[in-house]
Amino acid sequence: MRSIPFGQKLLTKHIMQNISNYDFSGKKAIVRVDFNVPLNDKFEITDDTRIRAAIPTLKKVLEKGGALIIMSHLGRPKGVEAKYSLKHIIGAVEAKLGAKVQFADDCMKADAQAAALKPGDVLLLENLRFYAEEEGKPRGLAADASDEEKKAAKAAVKASQKEFVKKLASYADCYINDAFGTAHRAHASTALIAEYFPNDKMFGYVMEGEIKAINTVLESPQRPLTAIIGGSKVSSKIGIISHLLDLVDNLVIGGGMVYTFKKALGGKVGKSLCEDDQQDVALNVLSEAKKKGVKVYLSDTVVAADDFSNDANTIICPSNNIPDDYEGVDAAPEAVAKFREVILASKTILWNGPVGVFEMPNFAKGTNAIAQTLKEATDKGAFTLVGGGDSVAAVTQMGYADKVSYVSTGGGAMLEYLEGKVLPGIAAIQG
Ligand code: AMP
């Protein structure tokens, strides 16, 4: 079995601190959180999960006598854009933290405010992405810019990024990264800043929780270990599937991906989603699985619809014999029953991606059944990890978000971690 890179970097010359033991008294902590919350057109927060998630870390610093400098991005601004101001969320942070929050209108001009912070004080910096330097990507390049112009613009932003990082670091005595959602990005605030705090950098509780949960699956799982991978395309999930083939005992494959596998095996898939150019990849997955002793379960029977709409006419048919004018839209009860048997016989289960077009209520039954089965497996003592926007939405809709072992908050970051990639935000703290 191939082990993943996490953990290999623990033997380093720098000290990685632990938030639970660190002495914050009299110190200023700059904390990268993920306050990228959805706002409606009145700038009201429609889902405050990310703010709530960051509170234990923020409270820890204050309780231990420290002061907070909080930094985050919000949305994808192309420069300073009022609608993406973090001002909109000050009230929510104050209410949840139980402390007054000062605001720095410009994250590069917060010297005086940061210097004046006393223990217990909280300063929130304006959206980091108002500056191109946060992501280190040039902005405003003409559509017809030459390669040379692109290269020069990139070099310019990289050069000014150094000053940006240095300025942020100058505000504080220690650095905490608690933004798992951006841990897969080597941005100024998520990775580069860590080098200014070689002995005073640490993960916050969100990051600690995510890493621990994922490593429970990838590094030290109780067996059997089953991964359920759904979603639309083989091409977007092949990285994860390939990595998991070295780790899992069972691989359940559902969703739109199934039809590429079935067609590659000689089946008839009608109008189903199918990536013809991924058929070899699919066949390779099956032969690698065989070599590695991984059992693969594809939805053998499916609900097929005569239109891609919730009210379409449906039939249940084998996934390798779908009529020409029908398309597979959900795992059928027989397939779900098989998946259930595999899941309930497992001690560790990872779920990413829906097994049907779950946005349409009539085709959400298979996905909801997976959520239900994961809850039951958790009740029986299995460790269950759910990650990826759609699967998280499914367990949440079913009211099971706190009835599985762990629900990951980081979509892209979680996927890259599952692919076995080193995440810059994690490596920067460990290195
Ligand atoms: P992903 O982002 O790759 O995890 O894919 C999630 C999407 O896959 C959801 O929007 C689902 O509606 C879609 N999906 C799942 N099953 C199917 C299917 N049989 N046909 C088309 N789309 C599907």
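Helix 6 (residues 234–245) lies across strand 8 (225–229), strand 9 (250–253) and strand 16, and runs at about 170 degrees to strand 8. This is a predicted model, in which local features need pLDDT of at least 70 and side-chain atom pairs count only at pLDDT 80 or more, while totals for chains, interfaces and linings use all residues. Residues are numbered from 1 along each chain as its sequence is written, and side-chain values use heavy atoms, with hydrogens and water left out. Helices (H or I, at least four residues) and strands (E, at least two) are DSSP runs numbered from the N terminus; contact means heavy atoms within 4.5 Å; axes are lines fitted to C-alpha atoms, for helices over the stretch in contact, with angles from 0 to 180 degrees between N-to-C directions.

- An open sheet of 6 strands has the order 11-9-8-16-17-18 with parallel pairing, where two strands pair if DSSP finds at least two bridges between them.
- Its edges are strand 11 (295–298) and strand 18 (406–407), each of which pairs on one side only.
- Strand 16 (residues 348–352) is joined to strand 17 (residues 383–386) by 4 bridges, and L350 stands opposite L385 in strand 17.
- Helix 11 (residues 389–397) also packs on this sheet, touching strands 16, 17 and 18, and its direction makes about 110 degrees with that of strand 16.

**The ligand**
- Of the 15 residues around the ligand, S232, K237, G328, E359 and D390 come nearest, a residue being near if one of its heavy atoms lies within 4 Å.
- Among the polar contacts (pairs of N or O atoms within 3.5 Å), a polar side-chain atom of K237 lies 2.8 Å from an oxygen atom of the ligand, and a polar backbone atom of S232 is 3.1 Å from a ligand oxygen atom.
- A backbone N or O atom of G328 lies 2.9 Å from a nitrogen atom of the ligand.
- The elements giving two or more residues to the shell around the ligand are helix 6 and strand 15 (327–331).

- An open sheet of 7 strands, with parallel pairing, has the order 1-7-6-2-3-5-4, and its edge strands are strand 1 (16–18) and strand 4 (102–104).
- Strand 1 and strand 7 (residues 201–203) pair in the parallel sense over 3 bridges, with M202 in strand 7 as the bridge partner of Q17.
- Helix 5 (residues 205–218) packs on the sheet, touching strand 1, strand 6 (174–177) and strand 7, and its direction makes about 60 degrees with that of strand 7.

Methods
A polar contact is a pair of N or O atoms within 3.5 Å; within protein, one must be able to donate a hydrogen and the other to accept it, and residues adjacent in sequence count only if both atoms are side-chain atoms.
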